[in-house]
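These are my notebook entries on a structure that I looked up. They start with the contact between the chains and then turn to single elements and residues.

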Protein chains: 2
Amino acid sequence: MPPEKSSLPDRLLQQIQFVIEVDKLKHVYRHTILTDGSRYENDAEHSWHLALMAMLLSEYAADPHLDLLRAVQMVILHDLVEIDAGDTYCYDDQAARDKAERESRAADRLFNLLPPDQAVEFRSLWNEFEVRSTSEARFAAALDRLQPLLHNFATRGSEWRKHSVTRTKVVERNRPMAEGAPLLWSYAENLIDEAVRLGYLAGE
Amino acid sequence: MPPEKSSLPDRLLQQIQFVIEVDKLKHVYRHTILTDGSRYENDAEHSWHLALMAMLLSEYAADPHLDLLRAVQMVILHDLVEIDAGDTYCYDDQAARDKAERESRAADRLFNLLPPDQAVEFRSLWNEFEVRSTSEARFAAALDRLQPLLHNFATRGSEWRKHSVTRTKVVERNRPMAEGAPLLWSYAENLIDEAVRLGYLAGE
């Protein structure tokens with residue numbers, strides 16, 4: 001970005017470059033359809049939705065002393081690596097094989113666009129989310145599972161049906177919600193039962 | 001949303017309804033074009049971008065003791081009222097006349113979908129942002145001005161030119177950035193100068 005005026009610190013110019021770079025997340029489309037069925041959702045919108053859910057639902061976190069800012073920060077940046085690595089459908093076992101490698105390479109490139117201290121901070125938040133090593137990460141991961149479940153239900157399971165996803169797969173994928181937010185997992189279990197009953201999801 | 005199982009608190013079901021309702025923000029399009037020029041941006045993506053900017057640029061806040069969580073919460077929900085009120089272009093003096101009334105009505109409806117304590121909390125965060133009564137609100141408002149400026153510059157002022165916006169108007173609209181983040185305003189001033197020099201913005 002111009003202008004490279006000497007009165008402005010290089011650090012700020014570098015950060016602004018990053019702000020421009022991450023605009024690309026708005027072009028990464030997910031396997032989730034908006035609740036009105038009109039189109040696919042992109043990663044930027046999805047991340048915003050999770051941040052709002054974190055504000056709204058923090059009372060259900062397993063940890064009563066949750067650091068909400070940290071959880072919000074994780075959901076805001078959790079999908080940035082998909083700018084390079086693309087979205088990997090969570091029920092695509094083939095694509096899952098090299099997902100970690102693709103995303104780690106993406107993290108190397110993207111976070112290193114930042115000033116060193118922030119590169120470390122962002123990478124560390126992303127790692128924490130990925131490995132679910134803290135209660136904030138487990139809560140954030142629970143939201144990242146609940147949101148597409150709500151969308152799948154609202155759109156009568158159209159993506160589940162398109163990809164022949166079964167109840168067993170959905171339960172297996174979403175059970176970790178229980179670690180981060182037990183009551184949200186109870187809600188999700190009921191929603192999955194209801195989806196099977198209504199024919200949105202194969203009961204196997 | 002089904003399922004209305006007795007084991008789940010009404011409060012949670014009400015909150016989940018709100019999560020579904022706000023999905024509509026992804027359909028509210030702004031007068032901002034993505035940096036690659038491909039399409040207009042929606043409010044959900046925009047709000048996510050501001051949240052990331054808040055994380056990244058908090059060191060430039062006028063207040064060294066900024067409550068970052070509060071600033072992030074404000075940018076996450078600042079545009080929710082546009083679900084009902086629509087986006088009002090910041091250089092449209094006509095539309096600006098009844099903007100406050102339209103948005104206040106929208107806030108009445110939307111935030112009252114929440115449990116009472118959260119209705120009060122969300123409405124209060126939104127009001128704080130609107131009147132810029134705290135340093136967090138002033139910082140959040142600065143980001144809300146800087147981001148479209150970056151987009152306008154990246155797209156060679158296409159929206160400015162389309163609406164015959166002048167430098168005077170842009171400076172007037174964006175000068176409040178100085179209150180929330182003085183160095184970001186210095187950056188913006190340079191960017192505006194450069195935009196005029198390059199013919200992206202009329203120099204009047």
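How many residues of chain A are in contact with residues of chain B? I find 64 residues of chain A in contact with 64 residues of chain B, where contact means heavy atoms within 4.5 Å.

I note that this is a predicted model, in which local features need pLDDT of at least 70, side-chain atom pairs count only at pLDDT 80 or more, and totals for chains, interfaces and linings use all residues. Residues are numbered from 1 along each chain as its sequence is written, chains are lettered from A and ligands numbered from 1 in the order in which they are written, and side-chain values use heavy atoms, with hydrogens and water left out.

**Entry 1. The two chains**

I looked up how chain A superposes on chain B: the rotation is 180°, with 0.0 Å of shift along its axis, and the RMSD is 0.0 Å. That is the relation of a two-fold axis. The superposition is by least squares on the C-alpha atoms of residues with pLDDT of at least 70 in both copies. Of the interface residues of chain A, 100% are also interface residues in chain B, so the copies meet through the same surface.

I recorded a buried area of about 5,600 Å² between chain A and chain B, with 72% of it from carbon and sulfur atoms. Buried area is the accessible area (1.4 Å probe) that two parts lose on being put together, summed over both.

**Entry 2. Salt bridges between the chains**

I find 4 salt bridges between chain A and chain B; a salt bridge is a side-chain nitrogen of Lys or Arg within 4 Å of a carboxyl oxygen of Asp or Glu. One salt bridge pairs Lys26(A) with Glu41(B), at 2.7 Å from N to O. Which helix gives the most to the side of chain A that touches chain B? That is α2(A), with 11 residues.

**Entry 3. Helix α2**

In chain A, helix α2 covers residues 43-57. Helices are DSSP runs (H or I, at least four residues), numbered from the N terminus. I find 15 of the 15 residues of α2(A) buried, that is, under 20% relative accessible area, whereas exposed is over 50% and partly exposed lies in between (1.4 Å probe, protein chains only).

**Entry 4. Salt bridges within a chain**

I find 40 salt bridges over all chains. Asp117(A) and Arg11(A) form one of 2.8 Å, N to O. Asp117(A) lies in helix α7 and Arg11(A) in helix α1 of chain A, so the pair ties together parts 106 residues apart in sequence. Asp117(A) is partly exposed at 43%, and Arg11(A) is partly exposed at 26%.

In helix α12 of chain A, Glu194(A) and Arg197(A) are 3 residues apart, about one turn of the helix, and their side chains meet in a salt bridge of 3.0 Å, N to O. Is Glu194(A) buried or exposed? Glu194(A) is buried, at 15% relative accessible area, whereas Arg197(A) is exposed, at 60%.

**Entry 5. Glu159(A)**

I placed Glu159(A) in helix α9 (residues 158-162) of chain A. Glu159(A) counts as buried because its relative accessibility is 2%. Among the residues that Glu159(A) touches, beyond four places in sequence, are His31(A), Tyr40(A) and Asn152(A).

Key
Helices (H or I, at least four residues) and strands (E, at least two) are DSSP runs, numbered from the N terminus. The expected span of a helix is 1.5 Å times one less than its number of residues.
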